[in-house]
Amino acid sequence: MRRAVGALALLSVPVLLAAVPLVPVAALLGPAGLNVAGPGAVGGLLAAVVVGLGGSALCGPIVVDRRIARLPESELDDRPADFVADRVATLAGEVGVDAPDVTVVRADAANVAVADGYRGARLVVSTRLLSLPKADRDAALRHALVRLRTREALVATALLPALGAVETMALLATLLVGRRGERTAADRRVNRIHGYEPERERIPSWAYAIAGVALWILLLPAWIPAAVGDRLYVAGGRRDADGAVARAGAPQRDGLGNAVAFASDAAGAADWPPLLDRLSLVSMADAETGRVRGTSRQEARVRLARLRSKRTL
């Protein structure tokens, strides 16, 4: 039930974003004229469902592929690259899915992300993850393949454009609210040393704060379901995949726990693209982005506690 509520919340985000321009236009131009509750508004709402979900699902895989193309190449030789692809194919057969395309990138983050869509499934693996022990590496890859089997990667990939837009606007609103307009004594001293004393701030800080609060108020109808969906569907999907990997056996359960613990504590989080965060084994969002998104900063610790609990055993 929690996963279903989270999925519905996430699906409503692109619909709400598309309804902002479409419903008023349809209400004005529809058969009922200015009557916002008439057939025009209903038609606009139906158009928002089609355009929002369809446009997001169409752009999601394209956005992910372009972001992956900008990642630094791993520069692996043919034999290591073939070994990774062969290992993923073997694990995919055990999980029960078709082997996805594998892209190995040079990154300090020990993470793996899986994307799916009409362009096909893709697995993005960091070189640091491949350097982990065999059991830990295979458990992390199995976790990604389980998320591919449950179609969670498909839903997350399709909704990435809408969720990314909401997250970006929320970050902008937060920055506006917390903007500091006045200059400190140290700033003025440095300016005088360099012979430059700028004019007083033309736009006062309270104006930025008002603009940020207004943007937050306008954004809340879309941000609330996005945050709820992140907490229930995305984070819940990671925990469900943890359980599926743990049921494969004790080595897989221990290996997944080691991989999650290492990925969440090791340095290199800033080296992992934020766009792939919702598709990854471990969330790499920084404190600012995590608060804006509404996700728990204790997600990895909760997952480790569940993996090592007597209930899982």
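In this predicted model, helix α8 (residues 205-246) contributes the most to the lining of the largest cavity, four residues. Helices here are DSSP runs (H or I, at least four residues), numbered from the N terminus. A cavity is a set of points, on a 1 Å grid over the protein atoms alone, where a 1.4 Å probe fits but cannot get out, and lining residues have an atom within 4 Å of a point. At least two lining residues each come from α6 (152-177), α8 and α10 (287-293). The lining consists of Leu163, Val166, Glu167, Trp223, Ala226, Ala227, Asp230, Arg278, Val292 and Arg293. Six of these residues are nonpolar, four are charged and none is polar. The largest cavity holds about 60 Å³ of space, and three cavities of 30 Å³ or more are found in the whole structure.

Helix α8 also supplies the largest share of a nonpolar surface patch, three residues. The patch is formed by Met1, Val5, Leu220, Ile224 and Val228, with about 460 Å² of accessible area together. Patch residues have over 30% relative accessible area and no salt bridge, and nonpolar side chains are joined within 5 Å; a salt bridge is a side-chain nitrogen of Lys or Arg within 4 Å of a carboxyl oxygen of Asp or Glu. Methionine 1 lies in the segment before α1 (2-29). Because its relative accessibility is 80%, methionine 1 counts as exposed (over 50% relative accessible area, 1.4 Å probe, protein chains only).

Residues are numbered from 1 along each chain as its sequence is written, and side-chain values use heavy atoms, without hydrogens and water. As the model is predicted, local features need pLDDT of at least 70 and side-chain atom pairs count only at pLDDT 80 or more, while totals for chains, interfaces and linings use all residues.

Notes. Patch = residues over 30% accessible without salt bridge, like charges linked within 9 Å, V, L, I, M, F, W, Y side chains within 5 Å. Areas by Shrake-Rupley, 256 points an atom, 1.4 Å probe, with all protein chains shown as cover. Buried < 20%, exposed > 50% of the residue type's maximum accessible area, 1.4 Å probe, protein only. 1 Å grid on protein atoms, 1.4 Å probe; cavity = no way out; pocket = protein on both sides within 12 Å on 5 of 7 lines; lining within 4 Å. Points joined across faces, edges and corners; volume = space filled by probe spheres on them. Nonpolar A, V, L, I, M, F, W, Y, C, P; charged D, E, K, R; others polar.
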